[in-house]
Amino acid sequence: MSQYLVTGGAGYVGGVVAAHLLEAGHQVVVLDDLSTGFRESVPAGATFVQGRVQDAAEVLDGSFDGVLHFAASSQVGESVVDPEKYWRNNVAGSLELLTAMRKTGVRRLVFSSTAAVYGEPETTPIVESAPTSPTNPYGASKLAVDHMITSEAKAHGLAAVSLRYFNVAGAYGRQGERHDPETHLIPLVFQAAQGRRPHISVFGEDYPTPDGTCVRDYIHVADLAEAHLLALDAAKPGEHLICNLGNGNGFSVREVIEAVRRVTGREIKAVVAERRPGDPAVLVASADRAREALGWRPRRADLDGIVADAWAFALSLADGADAAAAAAAPRHP
Ligand code: UDP
C-alpha cells in the first residue's frame, strides 16, 4: 500500500483516479481548492484538504510515495481572454508543487496533460513526437509544465509520466463530468435531450471530414484512470515518459449526437452553427506508446457504452422525472 497526493481530486478526472487508487488499496489525500471541483466528487475514504496547489508544501511530507497532479484551470475559451490565470494556476502552481516534492523527497509524479499541446495536427493519428504548437494559452500552459517536468526529471531524478488526454467522457458510478459553464459536447447534448437547452449547436459542418463535422477521440474516464495507476508503476527515476491517451477511433459531432439519441431514446434538435475558433478538424490519438510503455488496454472504447455511463450520471444530477429514472436504473460499479 502506498500513499498518494491527488491535486484536483474534487474534479472529474482527479476524482475518478482517486477512487481507483483507493480501490487498489492505496491511501489518498486530495488537495483541491474547490474553485471548479465539488466536495462530493472526492471519493469516500480519501482525506480531503481544501487548499491551492501553490500551497502543496503545507500538505506534502516524506510519507508520500507520489503525486498525481490534476489541479488546473482547463477552459480553452477562458484561457484566451484571461491568460494570466492559466500561467498563474497551471504553470506557477506546478512549479510550487515540483519544488515542494523536491524538498520533501517525493520523487514520483503523474501529470494530467492534454492533446491541446499539439494544436492543429499535421498528421493523424497523433504520435507523441508530433510537433507541439498549441493554439491557446490553456494548451501552452500544459506544454510549459511538460517541459518543466522534463527538466526536473533530468536535473533532480524525478520519476515522471505525463498523460496527454484526448476527449475524456463517460462516468464512473456517481462521478461524472460536471462543469459550470459546460462547454463539452456530450453533456451539452444531454442538456438538449433533457430540455434544458432548446437544441445542440453543431459547430461547423464544412470540415474536411466524412460528414463535415469535427472528429474527436472519446475515451472513457475509467480507462483513463487505469492508465494513471499503470503510469505510477512505469515511472522511472530521471525519466519523463509522455503518453497520449485515446482509443485511436474518431467520432464526428453528428455521430456523437446520434449515439446520444440511441442511448437516451429522446429527440434532440441539432442546429448547424458557425465553426468554433481554434477547433482542429480531426484529433485522434495514436496510443501505441501507452500500450507498449504502460501495458494499457482501453476496455470501454464503445461510444454507446461511454455515452450510457455519462447519461446515467447526468440523470442522477437531474430533478423530477429524470431523477426518478436515475434511481430506478441499474448502476455500476
Ligand atoms: N461541439 C459542438 N457543439 C457544442 C460543443 C462542442 O459542435 O456545443 C464540438 C466541438 O466543435 C468539437 C467537439 O464537439 O469539435 C468536441 O468539443 P469539446 O468541447 O467537447 O472538446 P474539445 O475537442 O474541444 O476538447
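The following is a conversation about a predicted model of one protein chain.

Visitor: What are the bounds of domain 1 and domain 2?

Guide: The domain assignment gives 3-169 + 218-245 for domain 1, and 185-216 + 248-328 for domain 2. The centres of domain 1 and domain 2, taken over C-alpha atoms, are 24 Å apart. In the contact, 28 residues come from domain 1 and 28 residues from domain 2.

Visitor: What makes up the area buried between domain 1 and domain 2?

Guide: About 2,400 Å² is buried there, and carbon and sulfur atoms give 64% of that area. On the domain 1 side, Tyr218, His220 and Asp223 supply 31% of the area buried against domain 2, more than any other three residues.

Visitor: Why is the pair Arg300 and Glu226 called a salt bridge?

Guide: The cut-off is a Lys or Arg side-chain nitrogen within 4 Å of a carboxyl oxygen of Asp or Glu. The N to O distance for Arg300 and Glu226 is 3.1 Å, so the pair qualifies. Between domain 1 and domain 2 the count is four salt bridges. Residue pairs in polar contact between the two domains, both residues at pLDDT 80 or more, number nine.

Visitor: Which elements give two or more residues to the side of domain 1 that touches domain 2?

Guide: These are β7 (167-169), β10 (218-220), α6 (221-234) and β11 (240-245). The most comes from α6, with seven residues. By class, this side of domain 1 has 18 nonpolar, six polar and four charged residues.

Visitor: How many salt bridges does a search of the whole structure find?

Guide: The search finds 16 salt bridges.

Visitor: Why does the pair Arg178 and Glu40 tie together parts that are apart in sequence?

Guide: Arg178 lies in the loop between β7 and α5 (185-193), whereas Glu40 lies in the loop between β2 (27-32) and β3 (47-50), so the parts they tie together are 138 residues apart in sequence.

Terms used. Residues are numbered from 1 along each chain as its sequence is written. This is a predicted model: local features need pLDDT of at least 70, side-chain atom pairs count only at pLDDT 80 or more; totals for chains, interfaces and linings use all residues. Side-chain values use heavy atoms; hydrogens and water are left out. Domain bounds come from an automatic or database domain assignment. Contact means heavy atoms within 4.5 Å. Buried area is the accessible area (1.4 Å probe) that two parts lose on being put together, summed over both. A polar contact is a pair of N or O atoms within 3.5 Å; within protein, one must be able to donate a hydrogen and the other to accept it, and residues adjacent in sequence count only if both atoms are side-chain atoms. Helices (H or I, at least four residues) and strands (E, at least two) are DSSP runs, numbered from the N terminus. Ala, Val, Leu, Ile, Met, Phe, Trp, Tyr, Cys and Pro count as nonpolar, Asp, Glu, Lys and Arg as charged, and the others, Gly among them, as polar.
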